[in-house]
Amino acid sequence: MPAVPSAVAVRFSHIHVYTDHVRPLLEYKKLEAKLNDFAVSLSQVEKSAGEAGLDVASGRQAWIMQGSKHGDPVKRVCEPDDFKPSGQDLVEQLLVGMGWRVTGCGDDADSATRSVLLTSSDPEGVRFVLTSHKSSRLDQLVSPEEAAAKRSRTEVAKFDHFDAEHLRRFATCHNGRQGIAVLGFVVPAGGLDSIWAKYAELHPKLILSESAKVYAGAKILEVYAYYKGETGSSDADQGTVLRFIEVAEDAAFTVLPGLDRVEAKFGSVSQPAYCDHWVSNVISRTGFLKTLEDTLGFTPKVDFNAGVVAAGEAQIESTVTGNSPDVSLQDKQSALKDQSQVYLPINNALSEVGHVNIFLREIGQGVQHIASRVEDLGALIQRANENRKMTGAGFSFLQVPMSYYGYLTSKQLVTDAKLAPEAAERCLAALRGAGLLDSKNIVALDATKEGVTAALPEEMRQQPGVIEFILRARYSNLYKLLRDHLSEEAYLRIVRNHILVDIQGEDLLLQIFTSKILMRNDGEEAPFLEFIQRICSESLDSSGCPRKIKPGCGGFGIRNFLTLFLSIEVSKASGARAEAEKRGDHRAASFEVQRVEAFTAQLDESNPILTAISDAMTAEGIALEKGDTQEAQKWAAEKTQGNQALQGVSAKYKAIMREIREAETAGTAAAS
């Protein structure tokens, strides 16, 4: 057997989304102009609102007033309170919610498809290419009659990557759904031939066409990402594609041949965004890992075992794989902008229930979500939420149970605030009476020192630290991790915008997930987006020099992986509850309430265990770096113990969810 060529350097380039509708460029430019003028009009609103953020009511009026000049270039005009994630135009969402702009367009009169390129304010950062058929939705292309008609009257596209046949192929493999169809990577000169040789030798079934496509300024190789079943022996899954592109220095296009550069004006609040990781849901996780190792030299970086990633009866496994670039990150800016470190997390389902299993059954194997890195996540999400509330467009985000951030109990008041047990109970009763503490022991976010003081009995007002302890309960779980590294305002902005937080050693990870995107109808499975901020340690080494920053500093949120998984299930259960209540089905609504409560309880019980696992992983890594094998073994044992404890919690709530489900089934049968 001939020797396999050595690994080729690859970098993030772009993602390619196939969607139902891409509107003509002029329509998006009208919306951009309105957004830019709107941003100017908000300057006075911002000044009047101070640190708490924008005055949303005034901002709403400012948006409406822009209509006299710009009209309403929004696909689905609605009142902000009526916003829902289904039926949205992803281009519009990115323009309004993230401040991105259309910076490229491919819309030849002779082409059956239309494409646009969206980027943040740094054109070298994230690049989202969106393509649609000009006259048909993706699900319509799947119809045999429609597909035959399209093929009979459509010429082969000038640029193969924009050919309508690819949309039909993708839609056929994904139940007619919209989705992230292609993951694109840049390779150096000569890299394409090396990757071709590896696929031809080890995975020939995955090669999409007989040879690489050659254009002025570029060569492009496309391969299928996954097998349908066992690696090598089964056929290729013809849905998702990996695209490798060699770009000449004098290339006249932007990102892909056929995309012409378009001028764009970015608003003052727009933040540059950069590729961080791209996540797949697959049937064979180990199979995809092997394919990437065989062809690109990727190796596993992080494994999340089944005990970590379990919500009730739903269980998955996940592995983060990636390359090992020879890159030195000297400062925060280079760490923010670097796109040579490629991470590809891969999930597979272990149960017949849960998000990943349903995704695979409804859609098929494919890209679950795209994660982009920014410099100030709190500011980005604050503005995204405000823009949605003012314009009725943009993004909504996955709702995290408030207990993730903190809560207040009598036990805490006794142990940490040094109150007597009966005083602690009176304290909670007083706060509830004043509307500052809800039935789930969550302290109101808008609580103030003055309000808490007024609510407490006189003798407690003089107790040192009690008022501060109560106010800190709004984010007490985060405070245990970060202490005084953040201000109260920074903590509250994180909580208010449902941002997740994790810490690994001295590095910090902030992350948030949008509601599902590219979703035609409510309740359908669909991909989503993630936005993160990595706050890398600036510590010194033993010689007093700044330590080099590691790519992926802050990790992948071991504490938050479970939170994401649980939050997806909570959101689904909450939606099902609302639908049940709407149709007057009180039994079904009660069932969904029990599910939400069980998922939330699992999160609360798991959080301290996850923190211990994260701490052990960090300590183990430090010990290994120092060459202290004995210390590393000690922390490895702690990590194993934590994983076992977490698996115990998972088993407990799996049984609870099964009991709830069986009780509901029995109740439904008895009522019918």
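1. Helices (H or I, at least four residues) and strands (E, at least two) are taken here as DSSP runs, numbered from the N terminus. On that basis D89 lies in the loop between α2 (56-70) and α3 (90-98). With a relative accessibility of 4%, D89 is classed as buried, where buried means under 20% relative accessible area, exposed over 50% and partly exposed in between (1.4 Å probe, protein chains only). The side chain of D89 forms a polar contact with the side chain of Y28 (2.8 Å). A polar contact is a pair of N or O atoms within 3.5 Å; within protein, one must be able to donate a hydrogen and the other to accept it, and residues adjacent in sequence count only if both atoms are side-chain atoms.

2. On the basis of the values: this is a predicted model, in which local features need pLDDT of at least 70 and side-chain atom pairs count only at pLDDT 80 or more, while totals for chains, interfaces and linings use all residues. Residues are numbered from 1 along each chain as its sequence is written, and side-chain values use heavy atoms, with hydrogens and water left out.

3. Which cysteines are joined by a disulfide? A disulfide is defined as a pair of cysteine sulfur atoms within 2.5 Å, and a search of the whole structure finds one. The disulfide links C536 to C553, with an S to S distance of 1.9 Å. The pair connects distant parts of the chain, 17 residues apart, and both C536 and C553 are in the loop between β18 (528-535) and α19 (558-582). The torsion about the S-S bond of C536 and C553 is about -70°, so the disulfide is left-handed. C536 is buried at 9% relative accessible area, and C553 is buried at 4%.

4. Two further cysteines may be noted. C105 is buried, with a relative accessible area of 11%, whereas C173 is partly exposed at 31%.

5. Strand β3 (residues 113-119) is largely enclosed by the rest of the structure, because seven of its seven residues are buried. Both faces are covered: T113, S115, L117 and T119 are buried on one side, and R114, V116 and L118 on the other.

6. Strand β2 (residues 101-106) runs antiparallel to β3 and is joined to it by five bridges; R101 has T119 as its bridge partner in β3. β2 and β3 form a hairpin, with six residues between them. Seven bridges join β3 to strand β4 (residues 127-133), again antiparallel, and R114 stands opposite S132 in β4.

7. Two non-glycine residues have positive phi. Most residues other than glycine have a negative phi, and most peptide bonds are trans. N175 has a phi near 55° and is placed in the loop between α6 (164-173) and β5 (179-186). N441 has a phi of about 65° and is in the loop between α13 (421-433) and α14 (449-455). N175 is exposed at 51% relative accessibility, whereas N441 is buried at 18%.

Terms used
Two strands pair if DSSP finds at least two bridges between them.
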